[in-house]
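Welcome, and thanks for taking a look. Please have the sequence and the 3D view open side by side while you read.

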Amino acid sequence: LEHALLDVDPARAGEYEAAFHKALPLITATPGFLDLTLSPCVEKPGRYLLLVKWETLENHTVDFRGSDRYQQWKALLHAFYKPFPEVTHFATPVASKAGFPPVRETS
C-alpha cells in the first residue's frame, strides 16, 4: 500500500484535481496496479491523501516509476506539490474490518 500526503495551493485545488483525473490512466495501466483513492483533507484545504494498492512494491518502484508513463505523470502533477511529498509503503494489514488474523509466532 503506497501512502502519500499531497499538499497543493488550495487556490489551485480544482486545477490539480483535473490534472489528476487526466493522469489517472497513466498509473492504472501499470502491471500490478490494484486500486487508488485520492481524498481531500477535511481540516486542511489543499491537502490530499493518496493511497495506491499494488500487487508488489516493485510494481510501483520499478514498473511505474521506471516507465515513460511516470514521466508524463510527473509533468502533469509534480509542479503542484509544495513541499514535495514523502511517499511510503505499507505491508499487509495486521487488522482490518474483518478482524485480526491469527497471531504470528516469533522466535
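## Strand pairing

Two strands count as paired if DSSP finds at least two bridges between them. By that rule β2 and β3 pair, as 7 bridges join these antiparallel strands. Please keep in mind that this is a predicted model.

The partner of L38 across this pairing is L50 in β3. Between β2 and β3, which make a hairpin, there are 6 residues. The turn includes G46, whose phi is positive at about 90°.

## The sheet as a whole

How many strands does the open sheet have, and in which order? There are 4 strands, in the order β2-β3-β1-β4, with antiparallel pairing. The edge strands are β2 and β4, each of which has a pairing on one side only. From one strand to the next, the twist averages 15°.

Strand β1 is joined to β3 by 6 bridges, again antiparallel. In this pairing L6 faces Y48 of β3, and D7 has R47 as its bridge partner.

Helix α1 covers residues 13-28, which makes 16 residues.

On the buried side of the account, α1 contributes A13, Y16, A19, F20, A23, L26 and I27. These buried residues pack against the strands β1 (2-7), β2 (33-40) and β3 (47-54), and also against the helices α2 (57-64) and α3 (68-77). Helix α2, for its part, lies across β1, β3 and β4 and runs at about 140° to β4.

T30 belongs to the loop between α1 and β2. Is T30 buried or exposed? Its relative accessible area is 4%, and buried means under 20%, so T30 is buried.

The side chain of T30 has two polar partners to look for in the viewer. A polar atom of this side chain lies 3.1 Å from the backbone oxygen of I27, a residue that is itself buried in α1. The T30 side chain also makes a polar contact with the side chain of R69, at 2.9 Å. Leaving out neighbours within four places in sequence, T30 is in contact with W54, N59, D63, F64 and R69.

## D7, in the sheet

D7 is part of strand β1. With a relative accessible area of 12%, which is under the 20% cut-off, D7 is therefore buried. Its side chain makes a polar contact with the side chain of R47 at 2.8 Å, and R47 is also the bridge partner of D7 in β3.

Which residues does D7 touch, not counting those up to four places away in sequence? They are K44, G46, R47, F80, Y81, K82 and P83; among them, G46 is the turn residue with the positive phi. As a distance to check, the C-alpha atoms of D7 and L49 are separated by 9.0 Å, while the two residues are 42 residues apart along the chain.

Key. Residues are numbered from 1 along each chain as its sequence is written. This is a predicted model: local features need pLDDT of at least 70, side-chain atom pairs count only at pLDDT 80 or more; totals for chains, interfaces and linings use all residues. Side-chain values use heavy atoms; hydrogens and water are left out. Helices (H or I, at least four residues) and strands (E, at least two) are DSSP runs, numbered from the N terminus. The expected span of a helix is 1.5 Å times one less than its number of residues. Buried means under 20% relative accessible area, exposed over 50%, partly exposed in between (1.4 Å probe, protein chains only). Contact means heavy atoms within 4.5 Å. A polar contact is a pair of N or O atoms within 3.5 Å; within protein, one must be able to donate a hydrogen and the other to accept it, and residues adjacent in sequence count only if both atoms are side-chain atoms. Axes are lines fitted to C-alpha atoms, for helices over the stretch in contact, and angles run from 0 to 180 degrees between N-to-C directions.
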